[in-house]
Amino acid sequence: MKWPAMGYARVESLDELWQVLDAAGPEAQILAGGQSLLATLSFRLSEPSGLIDITRIAALRGVSVAGATLRIGSLTRHAELGRDPLVAAHAPILAEAAPLIAHPAIRNRGTIGGSLALADPAAELPACVVALDATIVVASRGGERRVPAADFFQGLFTTDLQPGEIITAVEVPVATPASRQTIVEVTRRSGDYAMAGLAAVLAMRADGTVDAARLVFFGVGSGAEIATGASAALIGAPLTRATIAAAQGALADDLDPPGDLHGGPELKRHLARVITARALDTFLASAEQAA
Amino acid sequence: MNEIVTPKSLGLSREDLPNSYIGRSVPRPNARKLVEGRATYTDDVTLPRLVHAAFLRSPHAHARIVSIDTAAALAVPGVVRVFTGADLAKVCDPWVAVLAHLKGMKSAPQYPLPLERATWQGEAVVAVVAETRAAAEDGVAALAVAFDALPAQVDMETALAPGAVVIHPELGDNLVFTRTAETGNVEAAIAGAHKVVEATFHTGRHTGVTLEPRSIIADYNRADGTLTVHHSTQAPHMMQNVFATQLRMAEGDVRVICKDVGGSYGIKVHVYPDEMAVACMSKIMGRPVKFIADRFEAFGSDIHARDHRIKGRLAVDAEGRFLAFDIDDLTGIGPYSVYPRTSAVEGNQVVNLCGGPYAFDNYRCTTTVVLQNKAPTSQYRAVGHPIATTVTEGLVDLAAEALGIDPVAIRRKNLIRDDAYPCTSPAGMKFEGLSHHASLDKLLEMVPVEKIRADQAEQRKRGVYRGLGFASFIELTNPSPFMYGIGGAKISAQDGCTVRMDPDGSLVALSGVTEQGQGTEAILAQIVAHGVGVPVSKVKVVTGDTQTTPYGGGTWACRGAGIGGEAALQSAIALKEQILEVAGAMLQAQAASLDIVMGEVVDKATGQVRMPLAELGRIVYYRGDTLPKDLARELVQTRHFITKEYPFAFTNGIQASWLEVDVETGMVKLLEHWCVEDCGRVINPMLVDEQVRGGIVQGIGGALYEHCIYNEDGQLLTTTLADYLVPMAAEMPDMHVGHVETPTKESLLGAKGAGEAGTAGAPAAIMNAINDALSPLGARVLAQPFTPDRILRALGTIA
Amino acid sequence: MNRRIDITLTVNGERVSRSVDTRLHLIDFLRTELGLTGAHTACEHGVCGACTVRLDGDPVRGCLVMAASLDGSVVETIEGLSDSGEIRDLQEAFVARNAAQCGYCTPGMLVTAADILTQAPNASREEIREHISGNYCRCTGYQAIVDAVEDVLKSRRKSEAA
């Protein structure tokens, strides 16, 4: 279907954005990369009164490191995320996730801010930023506020973003020598939304002891799902096949997946267990990996 | 080989016979426009006063249309008119899709837009015409249509049960057609068998997903009473007849133009109510109306196919010889049989084709074709073949396993001998000449079976499950009128070609078969160049216009090369004779002593050039006064061709699939695929290989990915390309194609069809490979598509 | 907010100015406003890749770009890439390998494949397959396309080495 009739305005700065937002009213939406928003217009499921194009606001661009924080501008495109050396060095899971998002042409337009604001339950980046314990920087006419990623996502396509607010950046604690990060997903075809996916971020000592763990699933619930029990099962002991098995066991209480066209909840639970092992196996001491 | 001169038949090299093009991989002359974005698809055509149509489609699987309020829609800016079923019925007669030779077949009359009830979700109910497609859609959104939802008959298994919703009460029940073929004594053979294996298979309902959606522009000219239709279709002449008949016009007043087609695969050979509505609206409005289906409309209203449940039994003796196949097929076809091919042919093909590659005596197969409230099904690439091949080859592997025989060995033992032809199959199919054993031999040269088996054993020790699967198949091509014509359908089994020499010595060939991307125009150019004796670059091929091309059936059932190609060859030969007649008069030589090579008349014995064709053209067209008065000098010839000896030209082949099943996730990774097929004489090996590869991947789609999923209310859930999974590049294997050539003797050309072989055999080969991979784990899958969910269930991993 | 937007952009090297309806995506703009019918729509959901064109140097889904947002942009379509000769070798390889059958996906496929030539000149067959995995082709089964891209990568590497 063709897009519904709507208005369009492009803004060059945040100040201009606040003005246009005030004038446009609550039915207007923010347009960033548009790779999900514009597709949904063809479903005529949403009919915004207008789209406010923020893609030329320079302040929303760029990747930088300050102290122990990696700041990723919200307009950073998936393709840029995938090739940015700072991202690769300080938040390797994001560099690993980028090629999993759809296809090159989509990655050339889609932005991290847009993906987080949409909060698609099967999307990679929301799970990654939750696993990284990142902070979502949100701005409005009234100023800036910082929301822990885990609090930002509030369910199916729902976030803490209030009317008049946009995401300006994501702040990620930089990886340390103890960091272990990986993302694993099961898709029917390359680039498809995941049947089940896992963003795993651990802190491990040299002896293998896990000091911190955040296992965050996607595609198995209403959003980025922190597996609290499974994560806890890993903490305080060296990572072994036994602790991984314990984490897998804990998923029964952590996840309550809905069925979809691929299959029922049991399929999702099973795949979640499988990818838990596949993700964590990569962090096992090489001696145990070989075993 | 038939008597057609090729370098090989003469023991010559290609250089000795420069305009020998048959058997040569010539690039398609019409490919350049495709790669430069300069093709002309229907949506690329714009006309003065063009308006655009959009449809309100039923949100219910079954509903009474209570009322239609068009006022708000008509008030939408840009909306020109709104049409209901009653409006269009005034100018268009309904059609009923039955074939007389399918005894007892019944279906209900269908209108461009329904009059009283919608019978599937996605059926067009009201049309809005506007200045733009967007405005037409706005108009649709503003329509107020009241539906009274009715109980829907969704499940085909209960369509004939007491209490079923009878979709068309005037038909009495939901039975469209049933037929049983029976040969020998199946019960006795089964009773006396050493082993009987049995299984129930499902082939998932899927659809063609042409990348170019269905597209049509109808342009009725009130001044001269003509209807010109720009149509993305496989069968321009058939559609000309349909438009003329239903709209009560003379055939000569209807012209169907079909330039480039963005994929068809059988999807675009049917009469679609919304497209008929476009023709009606143009006739009423006296201006051109365009309709380009969007992807939602494509999934909900393009024909679907292959929604079958098949129970099968195979009885074998102690040596592994096949004694009897006993098959029961059930298919749900939606609420109407699709015009004019009908929706009973797919099931009928299952009856015709099961057990096809094998020699056995006892056969029983029943198909039962029922109505249901889902999108209509009909002929899609390889109609019925993948179903019959899945059942047959699945049972063969079960028998091999039951007897402890190697899958190759059991096929070798039972495939019809290559010297057994002509012969008739237990299902009644007449085979002129097939090459199952030669094809198997060729396949075994290509597939490193020993290496694969060694790797398989090694990998299993490491918990990696790989499988190798085989599937022999037959394919029905070059159909005679026995397929449709005898049933009363106005579907032409004959086809024609006109070949003309222009003054500069170049040739124009006008053909009734059409180009859908498979390379029809390329092979016709090759055949004509070969037949007349000119460089292929001197041949221009024209297809897809009922006003200029000889009457023909178009493209379906793999007939382009075999039927259209033979017509082209015969007219080329006739033109060559005529040219030589004229040349003889001009050169004062016997025509028989002359030949045409690379566009020049030469002395046959010495090869000496006597006259370029351009000079002959100049004389004939501009200085005819210098030629003998009574010399016939028509440098244009038309020939038509139809098969007469056999109802169909059967082809055969065998495929093999090598794959790996991830038994933790249920995902299947395709490693390699092979196909050997025998399509008779190969005109352009590259094009045949690419037809086979493309066909295999469509078969892979049905086997692993594609599924039109409905919920129990008859709502289609897979309505986008994100939900309906088509094969994409990353998951596809490299495919190796080999050939055996057994030309048909029905024609000089000897060509049979090649476009459906890949699709016919691939799903069965993949199923057998998956089951080979899973065999150490005691799991088996028989329902397509073989999804992770189904594989994990078979493994017992999930319940 | 306005429902018609004035834009000036460069399409295939030529500057064009139009007042566009905000309902137009880039492909409908190219097809209906400029008569550039080489790029096709086939799903309009950003899934199939038939609408892939080059925007500011990168392949994008044309159906997921608002025409109204294009002021100051640089768009290249199959027509422009053909006229400039930039991908002539790739087009010739597609013809030679019969990597186009119905041709409907082909312009989008070529724009995507051209990206491989510049971004990943050493791509393996698997990497070629991965890179084109968002472009649906129903006809070929993809192998001929992979072959054609591989041929061009090899010949370009060879001519660079020479």
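Which residues does Thr546(B) touch, not counting residues up to four places away in sequence? In this predicted model, they are Pro236(B), His237(B), Gln240(B), Val254(B), Arg255(B) and Val256(B).

## Two residues of one loop in chain B

Thr546(B) lies in the loop that runs between β23 (539-542) and α16 (560-587) of chain B. Because its relative accessible area is 10%, Thr546(B) counts as buried. Its side chain reaches the backbone nitrogen of Val256(B) at 2.9 Å, and Val256(B) is also among the residues that Thr546(B) touches.

Trp556(B) is found in the loop between β23 and α16 of chain B as well. With a relative accessibility of 7%, Trp556(B) counts as buried. The side chain of Trp556(B) reaches the backbone oxygen of Gly553(B) at 3.1 Å. When neighbours within four places in sequence are left aside, the contacts of Trp556(B) are Gln234(B), Val269(B), Arg341(B), Pro479(B), Met483(B), Tyr484(B), Ile491(B) and Ser492(B). Leu227(B) stands 329 residues from Trp556(B) in sequence, and their C-alpha atoms are 25 Å apart in space.

## The interface of chain C and chain B

The size of an interface is often given as the accessible area lost when the parts come together. Between chain C and chain B, about 4,000 Å² is buried, and carbon and sulfur atoms give 55% of that area. On the side of chain C, Gln101(C), Tyr136(C) and Arg138(C) lose the most area to chain B, together 20% of what that side buries. In terms of contacts, 45 residues of chain C meet 51 residues of chain B.

The rule finds 6 salt bridges across this interface. Asp734(B) forms a salt bridge with Arg129(C), with the closest N and O atoms 2.9 Å apart. Polar contacts between chain C and chain B amount to 25 residue pairs, both residues being at pLDDT 80 or more. The elements of chain C that give two or more residues to the side touching chain B are α2 (78-84), α3 (88-97), α4 (106-119), α5 (125-131) and α6 (143-161). Of these, α3(C) gives the most, with 6 residues. By class, this side of chain C has 20 nonpolar, 16 polar and 9 charged residues.

Within α3(C), the residues Leu90(C), Gln91(C), Ala93(C), Phe94(C) and Val95(C) are buried. The buried residues of α3(C) pack against α2 (31-35) and α18 (685-705) of chain B, together with α2, α4 and α6 of chain C. Just after this helix, Asn98(C) takes a positive phi of about 55°.

## The domains of chain A

Chain A is divided into three parts, listed below.

| Part of chain A | Residues |
|---|---|
| Domain 1 | 7-53 |
| Domain 2 | 58-173 |
| Domain 3 | 179-290 |

The centres of domain 2 and domain 3 of chain A, taken over C-alpha atoms, are separated by 21 Å. Contacts join 25 residues of domain 2 to 21 residues of domain 3. These two domains bury about 1,800 Å² between them, 62% of it on carbon and sulfur atoms. In domain 2, Pro121(A), Ala122(A) and Ala131(A) lose the most area to domain 3, together 25% of what that side buries.

The count between domain 2 and domain 3 of chain A is 1 salt bridge. Arg214(A) forms a salt bridge with Asp133(A), the closest N and O atoms being 3.9 Å apart.

Note on methods: Residues are numbered from 1 along each chain as its sequence is written. Chains are lettered from A and ligands numbered from 1 in the order in which they are written. This is a predicted model: local features need pLDDT of at least 70, side-chain atom pairs count only at pLDDT 80 or more; totals for chains, interfaces and linings use all residues. Side-chain values use heavy atoms; hydrogens and water are left out. Contact means heavy atoms within 4.5 Å. Buried area is the accessible area (1.4 Å probe) that two parts lose on being put together, summed over both. A salt bridge is a side-chain nitrogen of Lys or Arg within 4 Å of a carboxyl oxygen of Asp or Glu. A polar contact is a pair of N or O atoms within 3.5 Å; within protein, one must be able to donate a hydrogen and the other to accept it, and residues adjacent in sequence count only if both atoms are side-chain atoms. Helices (H or I, at least four residues) and strands (E, at least two) are DSSP runs, numbered from the N terminus. Ala, Val, Leu, Ile, Met, Phe, Trp, Tyr, Cys and Pro count as nonpolar, Asp, Glu, Lys and Arg as charged, and the others, Gly among them, as polar. Buried means under 20% relative accessible area, exposed over 50%, partly exposed in between (1.4 Å probe, protein chains only). Domain bounds come from an automatic or database domain assignment.
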